[in-house]
Amino acid sequence: MPLGAYLQWSLQLEFRQRLRIACHARYSGVATRLPLICRLYMNAVPPAGGNFRGSKTTQGLIYGTGVKYQLTPDSMLFGHVHTTFRPPTFANAVDPTSGTTQDLSAERALSSDVGIRSILVPGVSAELALFRTEFSNQIVQQGSQFVNAGKTLMEGIESTVSLDWGEIVRPLQGFVTRGSVTLLRPKSLFGATDGKDLPYAPRMTFYGLVGYYHPTGASIEADAMYVAQQFADGANTQTENALGTNGAIPSYTIWNLRLNYAPPKAKWAIFAGVRNLTDESFIAQRTTGSFIGIQPGEIRNFYGGVSWRF
């Protein structure tokens with residue numbers, strides 16, 4: 001079974017209440033006994049031979065620095081540089097249909113970002129950031145299996161804008177609009193797939209929300225998510241094959257609607273909503289495992305419930 005331990009050190013410095021610097025370092029180690037996992041979760045006997053290991057220990061050092069600078073009372077510059085270390089999970093490392101291990105190595109990467117966060121005018125706030133992550137051994141999905149893709153690079157830009165309409169036009173008190181977009185270049189830097197897009201990494205995603213929030217605790221929210229075209233394999237195969245296990249995954253847009261009622265001083269709240277309001281048909285995944293073919297996305301469905309805070 002997975003066992004983990006870590007040691008962590010951190011330091012924060014502040015200069016004249018405008019510049020803040022934070023440093024951290026963390027050493028992690030994870031030990032996994034794969035045969036025991038197979039018996040507990042799959043009722044399967046680990047196969048003999050092959051690359052199956054009885055146990056595996058993964059360890060690594062994570063460190064980084066973050067900087068924030070208060071440019072004006074309403075604007076802040078920020079930046080981060082840090083390493084990442086992520087051992088393969090059970091779902092990544094073991095084939096659920098056979099119990100065989102993929103013998104994956106841990107992901108290691110160097111990540112950085114720089115951006116600005118600002119209140120442009122009362123009621124209008126925005127954030128803009130550039131980011132870059134370079135992996136030395138990224139774990140990516142290929143069909144229904146996970147593989148180490150070698151060196152990869154993910155870089156791009158993301159932006160968020162929020163509008164509180166009541167701050168702009170008083171009669172529109174309670175109306176809120178939010179939008180965020182991410183433009184991504186997910187690129188392989190290894191072998192035959194050098195320069196091609198990584199699987200299941202769309203170059204653009206957009207999320208938008210329009211909501212109304214009443215002082216009594218009643219609210220309504222409508223949101224949409226757009227996901228651009230993506231590929232199911234590292235070779236970026238465009239044409240769909242006969243089984244549907246390979247080929248591009250077309251872009252799609254999903255709309256959702258949610259109603260909430262949470263009285264300000266009450267411990268309870270009720271909610272209801274509709275996912276995939278327009279019943280959009282889209283491909284969630286192309287699989288080659290126990291289920292072969294196209295895995296469809298979530299159809300229109302209704303939900304509701306009650307929550308209670310103790």
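**View 1. Glutamate 127 forms a salt bridge with arginine 117, and the closest N and O atoms of the two are 2.8 Å apart.** The pair links distant parts of the chain, with glutamate 127 in strand β6 and arginine 117 in strand β5, 10 residues apart. Glutamate 127 is partly exposed, having a relative accessible area of 26%, and arginine 117 is also partly exposed, with a value of 35%. Side chains of opposite charge can pair when their charged atoms come close. As in the other views, the model shown here is a predicted one, and the structure holds 6 salt bridges.

**View 2. Arginine 132 and glutamate 155 meet through their side chains in a salt bridge, at 3.1 Å from N to O.** Here too the pair links distant parts of the chain, since arginine 132 belongs to strand β6 and glutamate 155 to strand β9 (residues 152-164), 23 residues apart. Arginine 132 counts as partly exposed at 35% relative accessibility, and glutamate 155 counts as partly exposed at 28%.

**View 3. The side chains of glutamate 240 and arginine 286 form a salt bridge with an N to O distance of 2.8 Å.** Glutamate 240 lies in the loop between β13 (230-231) and β14 (248-249), whereas arginine 286 lies in strand β17, so the pair ties together parts that are 46 residues apart in sequence. Glutamate 240 is partly exposed, with a relative accessible area of 42%, but arginine 286 is buried, with a relative accessible area of 1%. Elsewhere, salt bridges that share partners join Arg132, Glu134 and Glu155 into one network.

**View 4. The largest nonpolar core has 7 residues, namely Ala109, Phe131, Phe135, Met154, Leu184, Leu198 and Ala201.** Leaving aside residues up to four places away in sequence, methionine 154 touches Phe131, Arg132, Thr133, Phe135, Gln138, Leu184, Arg185, Pro186 and Leu198. For the protein chain as a whole, 34% of the 310 residues count as buried.

**View 5. A nonpolar surface patch of about 840 Å² is made by a group of residues that includes Tyr69, Leu71, Val114, Ile116, Leu128, Ile157 and Phe206.** The elements that give two or more residues to this patch are β3 (56-72), β5 (107-121), β6 (124-135) and β11 (204-213). Leucine 71, one of the patch residues, is found in strand β3 and is partly exposed, with a relative accessible area of 37%. The accessible surface of the protein chain comes to about 18400 Å², and 60% of that surface belongs to carbon and sulfur atoms.

**View 6. Asparagine 260 is found in strand β15 (residues 252-261).** The side chain of asparagine 260 makes a polar contact, at 2.7 Å, with the side chain of arginine 258. Asparagine 260 is buried, with a relative accessible area of 18%, a value that falls under the 20% limit. Not counting residues up to four places away in sequence, asparagine 260 touches Gly217, Ala218, Ser219, Glu221, Ile270 and Phe271.

**View 7. Tyrosine 200 and asparagine 276 have positive phi values, although neither residue is a glycine.** Most residues other than glycine have a negative phi. Tyrosine 200, with a phi near 55 degrees, lies in the loop between β10 (175-188) and β11. Asparagine 276, with a phi of about 55 degrees, is found in the loop between β16 (268-275) and β17 (283-288), and at 1% relative accessibility asparagine 276 counts as buried.

Terms used. Residues are numbered from 1 along each chain as its sequence is written. This is a predicted model: local features need pLDDT of at least 70, side-chain atom pairs count only at pLDDT 80 or more; totals for chains, interfaces and linings use all residues. Side-chain values use heavy atoms; hydrogens and water are left out. A nonpolar core is a set of buried Ala, Val, Leu, Ile, Met, Phe, Trp, Tyr and Cys residues joined through side-chain atoms within 4.5 Å. Buried means under 20% relative accessible area, exposed over 50%, partly exposed in between (1.4 Å probe, protein chains only). Contact means heavy atoms within 4.5 Å. Patches are made of residues with over 30% relative accessible area and no salt bridge: like charges are joined within 9 Å, nonpolar side chains (Val, Leu, Ile, Met, Phe, Trp, Tyr) within 5 Å. Accessible areas come from the Shrake-Rupley method with a 1.4 Å probe; for residues, only the protein chains shown count as cover. A salt bridge is a side-chain nitrogen of Lys or Arg within 4 Å of a carboxyl oxygen of Asp or Glu. Helices (H or I, at least four residues) and strands (E, at least two) are DSSP runs, numbered from the N terminus. A polar contact is a pair of N or O atoms within 3.5 Å; within protein, one must be able to donate a hydrogen and the other to accept it, and residues adjacent in sequence count only if both atoms are side-chain atoms.
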